[in-house]
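Thank you all for coming.

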Amino acid sequence: MNLNFADGINFFSKLNNRKIANAIKLYLSYKFSLLLKSPIHWGNPVVMEIEPTTSCNLRCPQCPSGLREFSRSTGMLDLPLYRKIIDELHGDLMYLILYFQGEPFLNKNFLEFVKYAASKNVYTATSSNGHYFTDEMAKATVESGLDRLIISMDGLTQETYEKYRVGGNLEKVLAGTERIVYWKKKLGKTTPNIIWQFIAFKHNEHQIPALKKKAKELGVDELGIKTAQIYDYKHTDDLIPEADKFSRYKKTEEGYVIKNELLNQCWRMWRGSVITWDGLVVPCCFDKDATHRFGDVSVDSFERVWKSKAYYNFRSAILRGRKEIDICTNCTEGTKVWA
């Protein structure tokens, strides 16, 4: 989680003694677990990802939502289930990401999700492809209380942009960004913190200097340069950037390999989890198809799932050997490069 100064002040303003104490308990239990090689878990989630929808208007080639290749159902999170989750978690929750797969703004209740969490003093963030910011929607988004808005911006020409954002329209994204910036100023708001997220590929990495300039011109708060997750990285270099600092992979005589060391530890398994649009609790955002399911909060409490045997067994497996867990083998947490 990256914070600039104003965003950081906003984030820390939402904390209280209970949330801080809970975070300390979580972190200590994680450290003890690493030391003892056995999962000890105290406290409740500090970070959660909740999925508004699996639907998407684009067809990005490295995304199961874009490829329409989910084995799980496509659908929309409903308001009653969402409120049930927030009511249970908000007391200890520091950071809520209203995104997993799909385009969040396709859910007609999305801004109601934001408003409800904001009313509980929870910091909210989302990630969008930026195609739905009409003037009315841009104004409503700023008024909703959303704290952080990440907009995908993967090129500065239509040709470069649509090579990955298949079906996308660059002009819509630029115009939408301008509308969000306009309404922030018009309404005298400091939120949402606007971030352009640029996924670096071989075909677009040369545009990064120009992108930085454009972001500054439009009044974007931050530019994030993100490394790309490539599913078949061992056998392809069509998308992998030339610049080493923008790539998760390195080339060897046997082909590409992931650069980071796969340690038998994962803070994500202690700090929080992901809930799909229909209530399934899964480990993290790398489990895009929800193959590791710990429970279902549409029929159970999150607390029961959080403390379940299934969750305990998965944390144990992490400590024994992440190389044996399918969703961990292409995991590169911590490899984002922030401009």
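Let me begin with a term: a residue is called buried when its relative accessible area is under 20%, exposed when that value is over 50%, and partly exposed in between, with a 1.4 Å probe and protein chains only. The other term we need is that helices (H or I, at least four residues) and strands (E, at least two) are DSSP runs, numbered from the N terminus. What you see is a predicted model, in which local features need pLDDT of at least 70 and side-chain atom pairs count only at pLDDT 80 or more, while totals for chains, interfaces and linings use all residues. Residues are numbered from 1 along each chain as its sequence is written, and side-chain values use heavy atoms, with hydrogens and water left out.

With that in place, please look at helix H9, residues 208–218, where Ile 208, Leu 211, Ala 215 and Leu 218 are buried. These residues cover an arc of only 85° around the axis, which puts them on the same side of H9; the arc is that of the directions from the helix axis to the C-beta atoms. On the face turned away from that buried side, H9 carries the exposed residues Pro 209, Lys 213, Lys 216 and Glu 217. What do the buried residues of H9 pack against? Their partners are helix H8 (170–187), strand S5 (193–200) and strand S6 (222–227), where a contact means heavy atoms within 4.5 Å. After H9 comes Gly 219, which has a positive phi near 90°.

Now to some details of the backbone. Lys 37, in the loop between helix H2 (17–36) and strand S1 (47–50), has a positive phi of about 60° although it is not a glycine. Ala 290, in the loop between strand S10 (280–282) and strand S11 (295–296), is another residue other than glycine with a positive phi, in its case near 55°. Are these two residues buried or exposed? Lys 37 counts as exposed, because its relative accessibility is 62%, whereas Ala 290, at 1%, counts as buried.

Let me finish with the chain as a whole, which has 12 helices and 12 strands. Its radius of gyration, taken over C-alpha atoms, is 20 Å, close to the 20 Å that the globule rule gives for 339 residues, so the chain is as compact as a globular protein of that length; the rule itself is 2.2 Å times the number of residues to the power 0.38. The C-alpha trace spans about 55 × 50 × 40 Å along its principal axes, and buried residues make up 56% of the 339 residues. Of the contacts with a separation of 6 or more, 68% come from residues 24 or more positions apart.
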